[in-house]
Amino acid sequence: MKNNLIIVCLLSSLSLPVCGQSTLDDCIRYAWEHNPGFKNIRIDVKEARTDYVAAMGKFLPHVSVQAEVGRHIGRSVDPDTNGYTADSYNQGTIGMDITLSLFEGFARINRLRYTHWTKKEKEWDHLAKQNDLAYQVAEAYYKAALDKKLSELAAEQLRLGERYLKQTETFVELGLKSLSDLQEVKARHQGDVFRKRSYEKNSQMSFLYLKEIVGMKEGDTLSVSLSAGEDTPLLMPQVEIEEIYLQSVHALPDYKRMEMWERAARKEYAVALGQFSPTIFARFSWGSDFYNSLFSLHQLRDHWNKYIGVGISFPILSGLDRYAGVKKKKLNLQRVRNNIEEEKLHLRNETEQIVLSLHSGWEEHRQAVLQVKAETQVLKETERKWEEGLVSVFQLMEARNRLLAAKAEKIRVRLQYELTSRLAMYYQTGSFINH
């Protein structure tokens with residue numbers, strides 16, 4: 001069954017064709033560009049890339065420049081004699097300090113790798129959330145199509161009720177039907193009117209939800225319609241559980257994301273262990289000063305000095321914070337592995353459910369088609385007998401309602417099958433749209 005989504009766009013910046021037909025794939029792409037919640041996922045990816053760049057910056061030296069000027073007041077050391085003096089004088093300093101970390105227990109390397117795997121995890125998470133949004137759009141799309149079709153069936157039921165009402169009024173005038181039959185048909189007609197209004201309201205609410213998911217602006221109109229190909233027989237699904245599962249392992253971004261989870265957790269644990277390693281650093285500093293002046297260039301030239309050195313720092317004791325941090329990171333690694341195992345079992349079960357739903361959906365649709373054909377023949381025969389006075393109006397209305405219920409079930413089963421087919425394609429290819 002081919003479904004067309006007609007979206008009339010009032011803003012020139014929208015990517016959907018103006019006053020033209022758009023497929024479900026077009027709506028999904030539109031949602032990827034305009035859904036506000038999905039835009040935040042892109043921001044998460046950009047933040048992860050920024051963290052990765054910042055981790056690379058940790059290998060650069062720390063450079064600082066400082067300058068200071070002030071006035072000594074009261075008892076102080078005289079720079080000329082190195083003795084105490086009570087005279088006030090001006091003094092200023094200027095300098096630059098460069099510190100380069102040579103070794104930190106591989107903490108910087110592990111932190112860089114951690115941010116790298118976190119960036120990769122966010123990118124795969126972006127693809128997974130992208131397909132989650134596509135599934136939500138598809139669900140809303142098929143729900144809107146179903147509610148629109150149910151509204152059309154309710155209108156068809158109302159038209160049949162109006163025809164039966166006119167026929168009953170004619171039969172009463174001819175003395176072929178009783179007034180009680182006429183009252184029964186009128187009561188059923190009022191119920192048909194209420195049912196039609198109810199389905200129309202449900203259809204409008206489905207449209208509103210679809211517009212919200214897609215990210216359409218206020219004033220844009222949305223119309224969902226089913227094409228004439230809805231009676232085309234469905235092909236029997238040819239997928240098997242093991243086949244689609246093996247395809248999903250290599251195609252789904254969820255599995256790639258889980259791999260990044262474990263790698264990032266291992267590197268985070270390695271960073272915590274690096275806190276127990278000594279730190280080796282090199283330092284270079286340059287400085288000079290002047291006094292008895294607000295600024296003296298020749299004193300700066302005469303007093304300048306340099307310092308070059310290498311230092312090492314051993315972390316001996318800083319409470320139990322480092323030990324607690326390492327323990328928590330180790331436990332977090334175990335937690336991540338348990339979450340991965342749980343997620344894999346969940347995806348495996350989902351794969352089996354999809355394959356079973358495809359086969360059962362195909363069988364349900366085949367039975368629904370046969371049911372509609374049978375109920376159509378029953379309604380025709382019941383109408384003939386009712387006109388001849390062989391059956392009551394209750395039997396006529398029951399036959400009509402059964403036919404319309406069978407048609408509604410046929411539409412529901414087919415749309416559910418279409419949605420499940422989309423999901424199966426996602427598990428096989430890793431994408432929810434046809435490329």
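This report describes helices, a pocket, a nonpolar core and selected residues of one predicted model.

## Basis of the values

The model is predicted, with local features requiring pLDDT of at least 70 and side-chain atom pairs counted only at pLDDT 80 or more, while totals for chains, interfaces and linings use all residues. Residues are numbered from 1 along each chain as its sequence is written, and side-chain values use heavy atoms, with hydrogens and water left out.

## Helices

Helices and strands are DSSP runs numbered from the N terminus (helices: H or I, at least four residues; strands: E, at least two). Helix 3 has 67 residues, and its first and last C-alpha atoms are 97 Å apart, close to the expected 99 Å. For helix 9, with 37 residues, the span is 54 Å, close to the expected 54 Å. The expected span is 1.5 Å times one less than the number of residues in the helix.

Helix 1 (residues 24-34) is mostly covered, with 8 of its 11 residues buried. Among them are Cys-27, Ile-28, Tyr-30 and Trp-32. Buried means under 20% relative accessible area, exposed over 50%, and partly exposed in between (1.4 Å probe, protein chains only).

## Annotated region

The UniProt record, an unreviewed entry, places a "coiled-coil region" at residues 323-353. UniProt positions are given here in the numbering of this model, feature names are shortened, and annotations may be inferred rather than shown by experiment. In the model this stretch is 100% helix and 0% strand, with 45 Å between its end C-alpha atoms.

## Largest pocket

The largest pocket has a volume of about 370 Å³ and is lined by 22 residues. Tyr-135, Glu-350, Leu-423, Tyr-426 and Tyr-427 lie nearest its centre. Two or more lining residues come from each of helix 3 (107-173), helix 6 (253-273), helix 8 (321-387) and helix 9 (393-429). Helix 8 gives the most, with 7 residues. By type, the lining has 10 nonpolar, 7 polar and 5 charged residues.

On a 1 Å grid over the protein atoms alone, a pocket is an open set of points where a 1.4 Å probe fits, with protein on both sides within 12 Å along at least five of seven lines; lining residues have an atom within 4 Å of a point. Grid points are joined across faces, edges and corners, and the volume is the space filled by probe spheres set on them. Ala, Val, Leu, Ile, Met, Phe, Trp, Tyr, Cys and Pro count as nonpolar, Asp, Glu, Lys and Arg as charged, and the others, Gly among them, as polar.

## Nonpolar core

A nonpolar core is a set of buried Ala, Val, Leu, Ile, Met, Phe, Trp, Tyr and Cys residues joined through side-chain atoms within 4.5 Å. The largest one has 52 residues, of which Ile-28, Val-137 and Tyr-427 touch the most other members. Helix 3 supplies the largest share, 12 residues.

## Selected residues

Thr-50, in helix 2 (residues 36-57), is exposed at 51% relative accessible area. Its C-alpha is 9.0 Å from that of Lys-119, 69 residues away along the chain. Lys-148, in helix 3, is partly exposed at 23%.

Ser-285 belongs to strand 8 (residues 279-291) and is buried, with a relative accessible area of 19%. Between Ser-285 and Val-65 the C-alpha distance is 9.6 Å, although they are 220 residues apart in sequence.
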